[in-house]
Amino acid sequence: MTDTKKSSKNKAPASRVDWQAGHGPLTGTLNGVAGALTTTALGHAAGLPAGWALAAGAAGALGTVTAGLRKRVTAATLSFRGACWMTAGGWSSWALAHGGPWQWPEIGSLAVAGIAAGTLAVGFAAHEEVEQAKRQHLLLIGARRQLAAEWTDRIKRVCSVDVTVLGIEHWPSGAGYTVEVELPEGGTTRRSITDRTEALGSDLDLPDGCGLQTMPGVSRRRVLIQVTTKNLTGQELPFPMDEMAQTTTVNNPVPVALLSDGARADMDLRQASTVVTGPTGTGKTNWLHSLIARLDQTNDVLVWVIDLNGGSIGLPWLNAWRDAQIKRPGSRWADATVPVPGVDWVASTPAEAKRMLDAAVRIAKRRKVAYQDAMRDANDDKLPVGPDTPEIVIILDEGAEAAATREARAILAGVSEVVRIARAMAIRAVVSVLRVTQDVMPDPLVRKMASNRLATGALEDSELGHLFGWRALRAEDSFSGPGSVLVGTEGKQPSKGRQWRITPDMIEEISAITSHRRPALDTPSLEAAGTDYTDRWLIERCGHLWADAAPLETAASSAPATGTAGGPGRGAAPAGGWKATAHWDQPAPAPLVDPDDLESIWLLPDAVKAEPEPTPPGVDWSDPSTWATGREPAAPEPGAREAALMLLITAGPEGTGASAMEKVLKPEFGTTRPTIAGWLKSWAESGEVVRVGEGSKARYVHRQHLPEPPAGD
């Protein structure tokens with residue numbers, strides 16, 4: 001069970017008696033018997049003559065027959081109700097004439113009459129229900145016949161096509177209806193009606209925001225005309241929170257919107273990538289939150305988010321988890337158990353996004369080798385997805401931010417690679433952009449390979465045409481304010497619908513409810529992702545996502561050994577608490593250019609030399625961090641070399657590296673990393689230190705901390 005605190009507004013209302021509800025066969029019989037007995041007893045006590053009771057029964061029968069006629073009740077039901085009143089009046093008159101109602105003959109006869117009336121009431125109620133249903137059906141058939149005749153004349157008048165109306169279905173939402181027509185023989189196509197939908201809407205005189213849409217039927221000559229007659233602008237559909245208790249799977253289509261005809265629009269996110277577009281203010285971010293909620297409802301999906309606008313799309317999905325970890329005072333999640341966040345990884349910088357996409361590519365390639373036997377056993381060329389081998393869905397929000405700079409454009413290239421190579425290995429992408437044009441989405445491959453396409457709005461008809469092709473509608477007929485969507489899947493005709501409204505409170509509630517069903521990354525994928533994945537919640541990489549500096553009280557809760565929220569032993573908060581990285585998003589100021597430097601550019605020697613220059617001391621061409629820039633100080637401050645050697649000695653058997661030593665030495669001595677790297681290399685050649693690892697992962701251990709060789713060696 002999830003240890004969460006439910007908000008008061010989610011509590012079920014207390015049950016209460018509905019006094020306006022009608023009587024059933026049992027309660028109606030008991031009420032009639034008790035009423036007859038009570039009325040007769042009062043009349044006997046008052047000394048009323050027997051004729052009064054018979055007159056009261058006749059008056060009741062007349063009243064119930066009159067009321068039944070006004071409600072158009074059947075003759076059988078009218079006769080039964082009148083007979084019940086006359087029977088009650090006759091019994092009351094007989095009881096008053098023979099000593100009152102409290103004698104055994106009178107009580108026995110009343111009980112027999114009540115049982116008979118109750119038994120017959122069931123049969124007459126069923127008969128009345130059937131007859132009323134028949135009557136409603138006949139009325140509906142008549143209305144549909146009239147509407148069908150109107151549509152036959154309208155299509156003939158507007159489209160010059162003689163069609164046969166096969167059926168009319170009114171939508172459960174009450175916002176319109178669907179007309180199914182059959183085209184005549186002779187080669188008439190659906191385009192003859194599709195091209196005239198605007199004229200048909202004008203002939204119908206539909207309200208603003210309403211329109212017509214043609215959909216293919218079961219054959220080439222069948223056409224479905226969806227007519228929206230009610231503008232739903234301003235009406236919100238609350239997200240169905242009660243469905244979050246149910247566990248689903250990404251192997252089944254995921255509901256993403258409610259269509260105009262009352263059905264749900266489903267998307268296949270197991271094999272297909274998705275593109276969602278829409279200008280600001282049309283509900284695109286709300287739809288992405290709803291999609292994350294549906295993915296969290298499953299037990300076999302991990303959601304990764306890339307948002308270069310401060311990671312805003314992923315932050316609400318971290319709040320409940322973080323409040324539970326730091327036990328934030330005043331939060332309803334302070335004492336709750338929320339083991340993992342609603343989003344498994346958030347990248348808000350180009351560097352972090354590159355780590356994420358590189359890890360996704362490595363996972364895809366590793367899975368192709370590691371799960372060959374699983375795919376053979378399943379007789380499928382796609383990876384079987386389940387809680388033990390979850391799918392990864394990467395959501396890129398605001399693609400315009402990812403196309404703003406050269407470094408950021410590499411992110412779209414990484415997304416394109418994931419879309420291209422990772423479908424079978426269960427890594428899919430959802431790309432959100434303002435427009436699907438070249439300036440916002442420079443790589444057309446992402447759009448072309450995304451069979452799921454959704455628009456929350458458009459300013460021009462050409463935008464919809466670029467997204468959906470010639471099947472698209474006009475922009476003014478496709479959307480009715482924020483919340484409306486146009487959904488197209490597998491290259492089919494897009495359908496109009498509305499999305500659910502999800503609020504921050506709902507997001508936190510869903511994060512907590514579904515946190516215990518979140519899967520862990522499988523072992524081969526975890527090994528392929530490496531520290532790029534396991535260290536994703538370290539303060540150095542995610543501290544900038546929060547404004548405060550609240551300490552973590554439990555390190556284990558933020559970094560389980562399975563690697564779901566941090567690497568083994570790597571998720572603990574640093575000394576002093578969880579502190580945000582300062583100035584993470586402020587670029588370094590550009591250095592001032594000296595005119596002498598510009599002159600030196602023209603005085604550079606020729607690039608082609610007969611013999612290459614010797615490698616400068618301390619430079620390792622396999623390690624870019626040791627390359628000199630030509631702007632290092634001529635010589636370090638006195639005592640820097642000795643201080644560096646002391647750092648190696650105090651580091652112990654774990655050793656240290658050039659970057660860590662630079663952080664200590666540079667504030668005091670001004671020593672740079674290339675200089676320290678030169679010292680380390682010279683000490684390694686002389687045997688003073690031993691190098692462990694290669695490249696940027698190299699560490700150096702002083703010789704006095706090396707294990708002593710065995711005796712006799």
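This is a predicted model: local features need pLDDT of at least 70, side-chain atom pairs count only at pLDDT 80 or more; totals for chains, interfaces and linings use all residues.
**Entry on cysteines**

I then turned to Cys-542, which is buried because its relative accessible area is 1%, under the 20% cut-off. When I looked for disulfides, which need a pair of cysteine sulfur atoms within 2.5 Å, the count came to zero.

**Entry on helix α7**

I followed helix α7 through residues 284–296, and found that its 13 residues reach 19 Å from the first C-alpha to the last, which is close to the 18 Å expected at 1.5 Å a residue. How many of its 13 residues are buried? Twelve of them are, so I wrote down that the helix is mostly covered. Among the buried ones I listed Trp-287, Leu-288, Leu-291, Ile-292 and Leu-295, but also Lys-284, Arg-294 and Asp-296.

**Entry on the nonpolar cores**

Trp-287 of this helix came up again when I looked at the largest nonpolar core, which has 99 residues, because it is listed with Trp-304, Ile-306, Ile-394 and Ile-427 as having the most contacts inside that core. Helix α9, residues 350–370, gives the most to this core, with eight residues.

Apart from the core of 99 residues, I found another core, of 22 residues, and among its members are Ala-148, Trp-151, Tyr-177 and Cys-210.

**Entry on strand β15**

Which way do the residues of strand β15, residues 495–498, point? I found Ser-495 and Gly-497 pointing one way and Lys-496 and Arg-498 the other way, while all of them are buried.

I next looked up the partners of this strand. Strand β6, residues 254–259, pairs with β15 in the antiparallel sense over two bridges, and Leu-259 has Gly-497 as its bridge partner. Strand β14, residues 484–489, also runs antiparallel to β15, joined by four bridges, and here Leu-486 stands opposite Lys-496. Finally, I noted that β14 and β15 form a hairpin with five residues between them, and that Glu-490 in the turn has a positive phi of about 55°.

Conventions
Residues are numbered from 1 along each chain as its sequence is written. Side-chain values use heavy atoms; hydrogens and water are left out. Buried means under 20% relative accessible area, exposed over 50%, partly exposed in between (1.4 Å probe, protein chains only). The expected span of a helix is 1.5 Å times one less than its number of residues. A nonpolar core is a set of buried Ala, Val, Leu, Ile, Met, Phe, Trp, Tyr and Cys residues joined through side-chain atoms within 4.5 Å. Two strands pair if DSSP finds at least two bridges between them.
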